[in-house]
Each structure stands twice: as C-alpha cells, then as structure tokens.
Amino acid sequence: MNSTPAATTSSENATGSSRIVFFKAEGIAFSIAFIFSFLAIVIGNLLVIVLFAVNRRLRKRSLFLVINMAFADLMLGTVSLPIYIYSVGRRFQLWKGGWSMSLKIFYTMVDTFFSQASLISAAFISGERFYAIYWPFKHRTLSMRAYRIIVVILWALTLLIATSWSTSYYLISYKRAVFVWTPYVLILIFIICGCNNCIWRKFRHESIASQQPNRDLLNKRLTKTLMLVAILASLSWLPLVTFNCLIYVFDVQIPRKFYDLVNIINYSNSFANPVLYALRIPEFREAWALCFLRKPAAPNIGKNISRNKRTLVLKPETDLRTPQTETSHLQLAFEQEVLDTKL
C-alpha cells in the first residue's frame, strides 16, 4: 500500500523534530564541555599564580617560564574561551544573538595572541630544561635579569606572530594564513620534541653527577614534569594543525562537530598543566596543602638527620670530657693531702 500525503508529512515532521532535538542535545554537550574547560582553566591557573605570589619557595628561576605559561593560559580561558562558547551556543541555536565583525576580529586577535604565547612558552621551557641538563654549571650562573629578558623576548615574539597572523587573515585570506601558520607551529612542535628527546636520552644513558645529590634529584624531577607539560602542549596542537590543513589547504569536508572536539582537546591543555604541577612538583604540592588543608609543610628530613648527627657527635665528646674532669679533681685532692701531710 502507498502511504498517504498526510502520513508522509507527519513522518517528515517527526524526523525533523527529532533532528532538531538531537542537534540541540549535541550543542548542549559541547557547551557543557567548553564551560567545564573554562572553569578548570581559570581556577587552576589563577591558583598557580596566587601561590607563586604568596609562597616564597615557589619564586625560583626555573619556575619563571612556568608562571608565564600559566598567565597565558589564564588569559586564554578568561577572555577568549567565553567568546568561543557564545559562538558554539549560537551555532547550535541554544541562544540568540548577533556575531558582529568587531567581535570576530577581537576574538581572533586575543585567541591567537594568548594561544601562541602558551605554545611558545612550552617551547622556551623545553629549551631552558635542555640547557639546564646539558650545561648545568652555566645554567646555575644565570641571573634573574637573564630570565626577565627571556620573558620579554617571548612576549615580543608572540606579539609579532599574532600580528602577522591576524593581518594575513583579514587582509589576504585565511587559506594563505594557514600556509604560513602551519610550518611555524610544526617547527615549534619539532623543537619541543627534539629538546625532550635529547633530555630523555641524557637521563637514560648518562648519570648527572654533582656534589649536591638532593638538589639534582629535585632538578631531574622538575625536568621530567616540564617534559610532560611540553609534550602535552605539542599533542594538543597536532590535531588542530592537522584539521586546519585538511580543511583549508586540501579542501576536505569535515563536520563542524569534529572541529569543536579538536578545539576541546586544544583548550584542555591549559587546565592539565596545573594538575601536573600539583601532582609532581613538591613546592606546589606543599603550597596547595597549606592553602586547602591548612596543614603545615612536611618536616625536612635532611635537617632532622643533620641534627641527629650533631647529637651523636656531641655525646661522645661529653662522655670523654667527664672522666677527664673527674681525674683532674682527684689529682688536686691528692696534692692537697700531700701538702697537709708536709705541714
């Protein structure tokens, strides 16, 4: 039997309504994921910066680039991510609103600037750790002024790249901008992977000898932690670079939801770093414990051992001195008796 036109229309309406429901449910899921990323990025990186400002033990030269990266991630989550969440909800028809050209330009510039600052910070961290492992004595002579100059160079390079990207995007074409942006990002990822590979080979095949084994053990642990940070940064950027090349260079048609998923992976790197700091860096872990649990820092084992050694060294000396004093008293008493006898 042939279906009637009314039945066909009702089935099409039902299919259309189910598609709309599924479309909005998909948009709600993506919006929740991005909102969770936003909260985690802001809270995690803000706490890292506050702990660095409050706790003096965290104000080390080796953590300057880490705090610089945390600041870039914080600004990326605070300024750029809310605009992207607004665009995602608008695309999935979760709320109504306009998307003006000025807002688009502002989002592009801010997102490009702080995302590139985060990626360049990861590359600088890898280079700094490479220098610290291969030339440890020269690295220890670096002053705070040298680290400040490195931070200034980092932000100047970020400003130059973000300006070049935004100019080529709006004045030329997005496709031409991708042609320039893709090799640059791949070069940074190559630098990160190359430095970390050399550091890992150094750890595996050679022992880093020094007169300060405890300090070197902490330095090695910090290096491994920052290696994970840099590797996660490069892994979070690789899918985004691949998708941009497929879409804008090779004209491959990819659904927009997969591009949103790649952006979730890229943004999630910004809140993964504070978790690694809290889990693997002892100074951050103690600061987090003092901040939330109100517990004092763990006692320093080295100080207790040194105190025990001091007591062990002092006790034999006191034990040796007491018989000497007793002998001297006996000699004085004997001489006094001899004098009394003579008198």
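Student: At what angle do helix H2 and helix H8 pack, and how far apart are their axes?

Tutor: H2 (residues 64-91) and H8 (residues 256-280) pack at about 150°, with axes 11 Å apart. Axes are lines fitted to C-alpha atoms, for helices over the stretch in contact, and angles run from 0 to 180 degrees between N-to-C directions. Helices are DSSP runs of H or I, at least four residues, numbered from the N terminus. This is a predicted model: local features need pLDDT of at least 70, side-chain atom pairs count only at pLDDT 80 or more, and totals for chains, interfaces and linings use all residues. Residues are numbered from 1 along each chain as its sequence is written, and side-chain values use heavy atoms, with hydrogens and water left out.

Student: Why are H2 and H8 called roughly antiparallel?

Tutor: Angles over 145 degrees count as roughly antiparallel (under 35 is roughly parallel, 65 to 115 roughly perpendicular, the rest oblique). The H2 and H8 angle is about 150°. Therefore the two helices are roughly antiparallel to each other.

Student: What is the handedness of the H2 and H8 crossing, and which residues make the contact?

Tutor: The crossing is left-handed: by definition, the near helix is turned anticlockwise from the far one by less than a right angle. Contact means heavy atoms within 4.5 Å. H2 contributes residues including Asp-73, Leu-76 and Tyr-84, and H8 residues including Asn-269, Ser-270 and Tyr-277. By class, the contact has eight nonpolar, five polar and four charged residues. Ala, Val, Leu, Ile, Met, Phe, Trp, Tyr, Cys and Pro count as nonpolar, Asp, Glu, Lys and Arg as charged, and the others, Gly among them, as polar.

Student: What makes a space a cavity, and how many are counted?

Tutor: On a 1 Å grid over the protein atoms alone, a cavity is a set of points where a 1.4 Å probe fits but cannot get out; lining residues have an atom within 4 Å of a point. The count is one cavity of 30 Å³ or more. The largest cavity holds about 50 Å³. Among its lining residues are Asp-73, Leu-76, Asn-269 and Ser-270. H8 gives the most, three residues.

Student: What makes a space a pocket instead?

Tutor: A pocket is an open set with protein on both sides within 12 Å along at least five of seven lines.

How values were computed. Points joined across faces, edges and corners; volume = space filled by probe spheres on them.
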